[in-house]
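Thanks for coming. I will go through one structure, helices to begin with and then some aromatic rings. Please have a look at it before I go on.

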Amino acid sequence: ATSSIAAQGFGSVNQAWLAFAKTAFERNGAAAEAIFSAKNASDAAEIQADGAQFFDNYISESSKITEMAVKTANEAVAPIRSLVDGVVETLAENAS
């Protein structure tokens with residue numbers, strides 16, 4: 001059960017990273033093309049300034065994906081944690 005939860009969850013995390021990377025690659029390519037086709041330095045600077053939004057998006061998406069990974073790890077460990085808690089409880093009862 002634990003390996004299935006981990007495989008499924010981390011598969012989703014991987015897909016999220018790949019989708020984000022693809023979007024970032026496409027957006028960066030479009031931004032570079034726009035900068036090179038700008039008619040003047042002012043237009044190029046404005047286009048480049050819009051790139052700051054990409055950084056904000058990067059931080060936001062990274063946080064979401066990190067949260068997915070942490071959630072998956074916690075879900076994968078939950079069955080093991082439950083078993084260990086049961087064993088510890090049994091040992092404590094037998095020791096009393």
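Start with helix α1: its 35 residues should span 51 Å at 1.5 Å a residue, and its end C-alpha atoms are 51 Å apart, so the two values agree. Keep in mind that this is a predicted model.

Helix α2 covers residues 41–95, which is 55 residues. From first C-alpha to last, α2 reaches 78 Å, close to the 81 Å expected. There is a bend in α2 of about 40° at Ala-78, and a proline, Pro-79, follows within four residues. At the N-terminal end, α2 is capped by Asn-40, with a side-chain oxygen 3.1 Å from the backbone nitrogen of Ser-42.

Which residues of α1 are buried? They are Ala-6, Gly-9, Val-13, Phe-20 and Ala-24, and they pack against α2. On the α2 side, the buried residues are Ala-44, Phe-54, Ser-62, Ile-65, Thr-72 and Ala-76; these pack against α1.

Now the rings. A search of the whole structure gives two aromatic pairs. In one, Trp-17 and Phe-20 have ring centres 6.2 Å apart and planes at 70°; planes over 60 degrees apart count as edge-to-face, so this pair is edge-to-face. Is Phe-20 buried or exposed? Its relative accessibility is 9%, and buried means under 20%, so Phe-20 counts as buried.

Phe-20 also pairs with Tyr-58, and that pair is tilted, at 5.7 Å centre to centre and 40° between the planes. Here Phe-20 sits in α1 and Tyr-58 in α2, 38 residues apart, linking distant parts of the chain. Tyr-58 is partly exposed, at 35% relative accessible area. Through these ring pairs, Trp-17, Phe-20 and Tyr-58 form a cluster.

Key:
Residues numbered from 1 in each chain as written. Predicted model: local features only at pLDDT ≥ 70, side-chain atom pairs only at ≥ 80, totals over all residues. Heavy atoms only, no water. Helix = DSSP H or I, 4+ residues; strand = E, 2+ residues; numbered from the N terminus. Expected span 1.5 Å × (residues − 1). Bend = angle between axes of the 7 residues up to and from the residue. Buried < 20%, exposed > 50% of the residue type's maximum accessible area, 1.4 Å probe, protein only. Contact = heavy atoms within 4.5 Å. Polar contact = N/O pair within 3.5 Å; in protein donor to acceptor, adjacent residues only side chain to side chain. Phe/Tyr/Trp six-rings, centres within 6.5 Å; stacked < 30°, edge-to-face > 60°.
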